[in-house]
Amino acid sequence: MGKITAAITGIAGYAPDYILTNEELSKMVDTTDEWIMTRIGIKERRILKGEGKGTSDIATQAVLELLRKTKTHPDEIDMLICGIVTPDMQFPATANIISDKVGIKNAFGYDLNAGCSSFIYALVTASKFIESGTHKKVIVVGADKMSSITDYTDRATCPIFGDGAGAVLLEPCKDGFGVIDSLMKVDGSGRKYLHQVAGGSMYPASIETVNKRQHYIYQEGQPVFKAAVSNMADTAVEMMNRNNLTPENLAWLVPHQANMRIIEATGNRMGLSKDKVMINIQKYGNTTSATIPLCLWEWESQLRKGDNLILATFGAGFTWGAVYLKWAYDGDKVK
Ligand code: UT7
């Protein structure tokens with residue numbers, strides 16, 4: 001009997017309707033389309049509008065679409081993990097809220113926050129439940145409403161982020177498809193360069209924290225950039241080496257979409273031509289936990305059973321890593 005692996009058997013995504021263009025941003029802060037395109041590579045991003053709407057509203061759309069596409073009844077789902085940085089509330093977990101909104105009642109689940117690496121961390125965690133045999137249908141959703149913590153008076157951060165969600169269904173497989181290998185890392189000393197100062201137990205919300213704008217993203221771009229370029233590529237290359245993957249037999253790199261220059265540097269270190277790298281940063285910006293599943297969703301029709309994929313990420317924490325995945329179905333046959 002073959003080893004049980006966790007295969008992705010369906011994928012769905014959702015991005016809110018409102019499009020925030022570079023042109024509109026350049027009326028809000030001192031920036032230009034040219035600067036943003038050259039330094040980051042983003043043309044536009046999606047924003048969730050509406051009073052009282054949170055990340056669960058975006059995630060719910062992706063999960064409902066996933067259930068429809070995979071013809072899965074909510075009662076069949078036995079676990080849902082939500083990779084997320086911008087939960088609806090401090091508690092309860094957004095995974096619970098999503099489950100309630102889509103009618104999942106027989107599952108357990110929780111949120112997992114690993115900065116921009118949250119989706120991959122959640123995917124690797126979920127795959128262990130499948131491999132152990134305890135769970136059979138697990139949803140991993142990566143979702144964020146980054147606009148809720150983005151300071152639209154700070155030109156150094158506000159062009160970067162956008163809102164979105166992507167979700168995958170994981171099921172047991174005995175034919176060698178799915179998550180084959182992973183390498184995840186944490187370096188907490190990097191936290192000083194990218195974090196949200198207030199709103200946690202250290203600096204609970206107060207008039208002072210609000211006045212100091214401490215509920216927004218704090219980022220020192222250059223140290224984050226340097227760490228992202230070297231660490232994301234290092235783990236992706238190690239993933240290739242230890243699984244005998246080459247630029248020829250690797251079908252796709254699915255990188256976290258933080259900056260076009262980081263994506264290109266990672267692809268170059270892996271020896272890949274640009275046509276093997278999924279890139280949609282120009283359309284969605286950095287949607288944090290949603291970037292990788294949004295790519296898989298958009299490229300689904302081009303994915304073939306047996307394709308070798310490397311998913312690679314870097315985020316706040318610092319967190320980073322890479323996953324080697326063997327795609328389990330022909331994407332063009334999915335309706
Ligand atoms: O997903 C989580 C991980 N996050 C990341 O991966 C982000 C990594 N970092 C980056 O992507 C880049 O560092 C940024 C895109 C954030 C910034 O790009 P940079 O090339 O590192 O620019 P910089 O911060 O060094 O700024 C260069 C100049 C500065 O002006 P001076 O001091 O040279 O006169 C900034 O004030 O660009 C200026 N600047 C801008 N100019 C026009 C910063 N933001 C803007 C802007 N428009 N939006």
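Modeller: Here you go. Keep in mind that this is a predicted model. Let's start with strand E6 (residues 138-145) and strand E7 (residues 163-173), which pair in the antiparallel sense over eight bridges.

Colleague: Which residue in E7 does Gly142 stand opposite?

Modeller: Gly166.

Colleague: What's the strand order in the open sheet of five strands?

Modeller: The order is E1-E7-E6-E4-E5, and the pairing is mixed.

Colleague: Which strands stand at the edges?

Modeller: Strand E1 (5-14) and strand E5 (108-112). Each has a single partner strand, so one side of each has no neighbour in the sheet.

Colleague: And how many degrees does the twist average from one strand to the next?

Modeller: It averages 20 degrees.

Colleague: Switching to the open sheet of four strands. What's the order there?

Modeller: E8-E13-E12-E11, with mixed pairing. The edges are strand E8 (178-186) and strand E11 (252-255). Each of those pairs with a single strand, so one side of each is left without a neighbour in the sheet.

Colleague: By how many degrees are neighbouring strands of this sheet turned against each other?

Modeller: 15 degrees on average, direction ignored.

Colleague: In which sense do E8 and E13 pair?

Modeller: Antiparallel, over eight bridges, with E13 covering residues 319-326. Asp181 stands opposite Tyr324 in E13.

Colleague: What does H7 touch when it packs on the sheet?

Modeller: E8, E11, strand E12 (308-315) and E13. The direction of H7 makes about 155 degrees with that of E12. Helix H10 (residues 291-299) also packs on the sheet, where it touches E11 and E12. The direction of H10 makes about 140 degrees with that of E11.

Colleague: Now the helix pair. At what angle do H7 and H8 pack?

Modeller: About 30 degrees, with their axes 9 Å apart. H7 is residues 221-242 and H8 is residues 260-269. That angle makes H7 roughly parallel to H8.

Colleague: Is the crossing left-handed or right-handed?

Modeller: H7 passes H8 in a right-handed crossing.

Colleague: Which residues meet there?

Modeller: From H7, they include Phe225, Val229, Met232 and Val237. On the H8 side, Arg261, Ile262, Ala265, Thr266 and Arg269 take part.

Colleague: How do the residues of that contact divide?

Modeller: Nine nonpolar, two polar and three charged for the contact of H7 with H8. Asp234 in H7 is among the residues that meet H8, and Asp counts as charged.

Technical notes:
Residues are numbered from 1 along each chain as its sequence is written. This is a predicted model: local features need pLDDT of at least 70, side-chain atom pairs count only at pLDDT 80 or more; totals for chains, interfaces and linings use all residues. Side-chain values use heavy atoms; hydrogens and water are left out. Axes are lines fitted to C-alpha atoms, for helices over the stretch in contact, and angles run from 0 to 180 degrees between N-to-C directions. Helices (H or I, at least four residues) and strands (E, at least two) are DSSP runs, numbered from the N terminus. Angles under 35 degrees count as roughly parallel, over 145 as roughly antiparallel, 65 to 115 as roughly perpendicular and the rest as oblique. A crossing is left-handed if the near helix is turned anticlockwise from the far one by less than a right angle, and right-handed if clockwise. Contact means heavy atoms within 4.5 Å. Two strands pair if DSSP finds at least two bridges between them.
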